[in-house]
Amino acid sequence: MIGHALKIRIIPTILTDGLTVVKGEKFDNWRTVGSAEATARLYASRDVDELLFLDVAARSRNSMIDKQLLTHFSNVLDVPFSVGGGINTLEDAKSCFRFGAEKVVLGSAAIANPTLITEIAEIFGNQAVIVSVDFESDFSDEIRIHSGTLQTEVQSFEFIEHLEAFGAGEVLLQSIQRDGTLLGMDLNRISEVSKLTNLPVIASGGASSLEDFRKAVQAGASAVAAGAIFQFTQITPMDVQNYLTMHGVSVRKI
């Protein structure tokens, strides 16, 4: 397993449909659970490392994440935030950075056009590009795109091996089967991917307890992104940081 050169990060994930915060399971059955701006303010009041905003409806709207929403995020946050959803071109990425994002998350577009990763990285740096790799289940290797609705023939392990050469700075590893379920994380996948690449791996999908975060780090994750556990349980990002510290894990704190 590749060692962690950087301190471990805990990243709350906020899913939006372009207007509100939504909650789903397995990238489906979305329901509104609150205001995107209010949720951002809540996390801004807590000591979080960074935030991840993903617009799950951008593809269906045939547009990128809403610029007005990005402005709201930028105005209320004093921590770094990353955004994803419908980013198809270099100009889309430039717009996200202009409206305050520190990093962009590329999913479907990175699969269709890996050179987009390179174009963005050459201007804004590798650290500004996260590539999301979404897989259906613990036993599948094919990448799914368009918020999990479309199966591709692209093999995730092979694709991940090339991401560093393309210019990506991080890999966001998302389990569709475990998304929003609070059933635990795909530790085998996290371990396998961390051995394939020198890029930091952000593990996402299924975190249900403080111990799940520790296990993900043990498996090789450089960061753990989570939504449901912070929205629907009493566990906070600070609880996770304290728990990991207590177990000898070096975590990044604001």
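**Exercise 1.** In this predicted model, classify the residues that line the second largest cavity, then state which residues and elements form that lining.

*Solution.*
Step 1. The class count for the lining of the second largest cavity is 5 nonpolar, 3 polar and 2 charged residues.
Step 2. The residues behind this count are Phe135, Leu173, Ser175, Met185, Asp186, Arg189, Ile190, Ala203, Ser204 and Gly205.
Step 3. Two or more lining residues come from each of strand E10 (170–175), helix H8 (187–196) and strand E11 (201–204).
Step 4. The space in the second largest cavity is about 50 Å³. The structure has 2 cavities of 30 Å³ or more.

**Exercise 2.** What is the volume of the largest pocket, and which lining residues are closest to its centre?

*Solution.*
Step 1. A volume of about 260 Å³ is found for the largest pocket.
Step 2. Its lining is made of 15 residues, and Leu6, Arg9, Lys103, Gln127 and Glu170 are the closest to the centre.
Step 3. Sorted by class, the lining of the largest pocket has 7 charged, 5 nonpolar and 3 polar residues.

**Exercise 3.** Is Glu119 buried, partly exposed or exposed, and where does Glu119 sit?

*Solution.*
Step 1. Glu119 belongs to helix H6, which spans residues 115–124.
Step 2. The relative accessibility of Glu119 is 34%. Buried requires a value under 20% and exposed a value over 50%, so Glu119 is partly exposed.
Step 3. For a contact across the sequence, take Leu90: Glu119 and Leu90 are 29 residues apart in sequence, while their C-alpha atoms are 6.8 Å apart in space.

Terms used. Residues are numbered from 1 along each chain as its sequence is written. This is a predicted model: local features need pLDDT of at least 70, side-chain atom pairs count only at pLDDT 80 or more; totals for chains, interfaces and linings use all residues. Side-chain values use heavy atoms; hydrogens and water are left out. On a 1 Å grid over the protein atoms alone, a cavity is a set of points where a 1.4 Å probe fits but cannot get out, and a pocket is an open set with protein on both sides within 12 Å along at least five of seven lines; lining residues have an atom within 4 Å of a point. Grid points are joined across faces, edges and corners, and a volume is the space filled by probe spheres set on the points. Ala, Val, Leu, Ile, Met, Phe, Trp, Tyr, Cys and Pro count as nonpolar, Asp, Glu, Lys and Arg as charged, and the others, Gly among them, as polar. Helices (H or I, at least four residues) and strands (E, at least two) are DSSP runs, numbered from the N terminus. Buried means under 20% relative accessible area, exposed over 50%, partly exposed in between (1.4 Å probe, protein chains only).
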